[in-house]
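Colleague: I am new to reading structures. Could you take me through this one, feature by feature?

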Amino acid sequence: MSIVVFDPDSTEDVDFKDRMRHPAAADPAGGMWLSDTEPSFIDADALRKGRLDKLRGWMREAGYGGVVLFDPYNQRYATGSRNMFGYFLRNSTRYFFIPADGPIVLFEYPQSYHVSMVLDTIEEARPSKLVWSSVSGRDDETAGPFADEIAELLRKHGGGSMKLGLDRCSHLQALALEKRGCEVRDCQGEILAVRAVKTPEEVKCLQVSMAGAEAAVYAVREAIKPGVSENDLFAIMYGEVIRQGGEFIETRLLTSGQRTNPWFNEASGRKIRPGELLALDTDTIGCYGYYSDFSRTFRCGPGRPTPYQKSLYRMAHDQVQHNISIVKPGMAFREIAEKAWKIPDRFVDQRYTSVMHGVGMHGETPFIAHAMDYETYGRDGHIVPGMVVSVESYIGEKGGREGVKLEDEILITETGTELLSRFPYEDEFLEKEI
């Protein structure tokens, strides 16, 4: 296969006749032009088409004429587009209009239209009506023009339906849309339900993302020694995530010694001492924006783990393995909660917040609460093939010196489960006493 070499400063490499689209995007391996995080063995066209078809199938079934997506994760799911991701996580000023049938319109940050117009999912790019309006104190002025444009698109392409889904926006924008005849609905939960079951290409992305996260955790494991700081190790993990084609880490959950108990402390400048535990959670946005979520606990040498450290680790290991073993396709969420590993009383207060949770482009649906928490956090539903979940454990007693965090990621198949996270457990904690 010949490789197309292009000059980014030359207009001859870009076709402006209909819309801005790089000619390499039509190449079967054109995904490599979009980002170096996108390996060629993943069919990027099939990935985007499969997700968009699922989204539009739900829209038609639910009677939506269109949706407006502000959430960068939903935008990427629907179109494959990513632009200044972190910025737009906190600034809801870039948005997409997606009709149940018809052209997808991107309302983009000025001068950055070219970033996404290589994608065949996007028909048109227009300037966002909301850029800088919040920081300039002009939300009340921009809500009207924003709503005028969206309502016009909905009338034209909504197939007669004025039902409009919004995944997030300000109340000013929602009220302005309603004044223009739109039937506004919060659709974030519905979209997450659509995203819960993965396409085959999404599963490939999750596998590649996991391989990168495993490499990052290995680099951390190899760097653990007395005197190294939590921040040193977190920097190693983050650097390897980027080197492996990942994008960012959502949390800073890497702690040592007494900072492992309770869980959810964040990486600090604390120096690690011999014999202490080091626990981490990957929470990594990797290949194509797909999440890798597993946890491991290590020990800083020299020497051997104490009996107490071993007991904590073995309980956490037992919890993860038991809860993986009970999962079957078609099983009710509540049944999983009821059959989950029974946490010993002295560890209940500091239990992890869920038995397991969904994984996709981030931590997603479903969230399966512990039986004792089910009425507060649980919901009804069933595990089905194509879902991916992370199975959680944290074992640390209140007032204890240390705690152990373990977690594995699994795919629900037609016949059972498949382990996606393959990083080994620590033999020194699991070996039998002589």
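Modeller: Start with angles: under 35 degrees counts as roughly parallel, over 145 as roughly antiparallel, 65 to 115 as roughly perpendicular, and the rest as oblique. Axes are lines fitted to C-alpha atoms, for helices over the stretch in contact, and angles run from 0 to 180 degrees between N-to-C directions. Helices (H or I, at least four residues) and strands (E, at least two) are DSSP runs, numbered from the N terminus. This is a predicted model, where local features need pLDDT of at least 70, side-chain atom pairs count only at pLDDT 80 or more, and totals for chains, interfaces and linings use all residues. Residues are numbered from 1 along each chain as its sequence is written, and side-chain values use heavy atoms, without hydrogens and water.

Colleague: At what angle do the axes of helix H2 and helix H3 cross?

Modeller: Roughly 110 degrees, and the axes of H2 (residues 44-62) and H3 (residues 72-79) come within 6 Å. H2 and H3 are therefore roughly perpendicular to each other.

Colleague: Which residues in H2 and H3 meet?

Modeller: Contact means heavy atoms within 4.5 Å. From H2 come Arg 48, Arg 51, Leu 52, Lys 54 and Leu 55; from H3 come Arg 76, Tyr 77, Ala 78 and Thr 79.

Colleague: Where does Asn 323 sit, and is Asn 323 buried or exposed?

Modeller: Buried means under 20% relative accessible area, exposed over 50%, partly exposed in between (1.4 Å probe, protein chains only). Asn 323 is in helix H10 (residues 307-326). Its relative accessibility is 1%, so Asn 323 counts as buried. Beyond neighbours within four places in sequence, Asn 323 contacts Ala 340, Trp 341, Val 355, Met 356 and Val 391.

Colleague: Why does Ser 92 count as partly exposed?

Modeller: Because its relative accessibility is 27%. Ser 92 lies in the loop between helix H4 (85-90) and strand E2. Not counting residues up to four places away in sequence, Ser 92 touches Phe 70, Leu 130 and Arg 168.

Colleague: Which residues touch the most other members of the largest nonpolar core?

Modeller: A nonpolar core is a set of buried Ala, Val, Leu, Ile, Met, Phe, Trp, Tyr and Cys residues joined through side-chain atoms within 4.5 Å. The largest one has 40 residues, and Leu 55, Trp 58, Met 59, Val 67, Ile 98, Tyr 288 and Tyr 290 touch the most other members. H2 gives the most to this core, with 6 residues.
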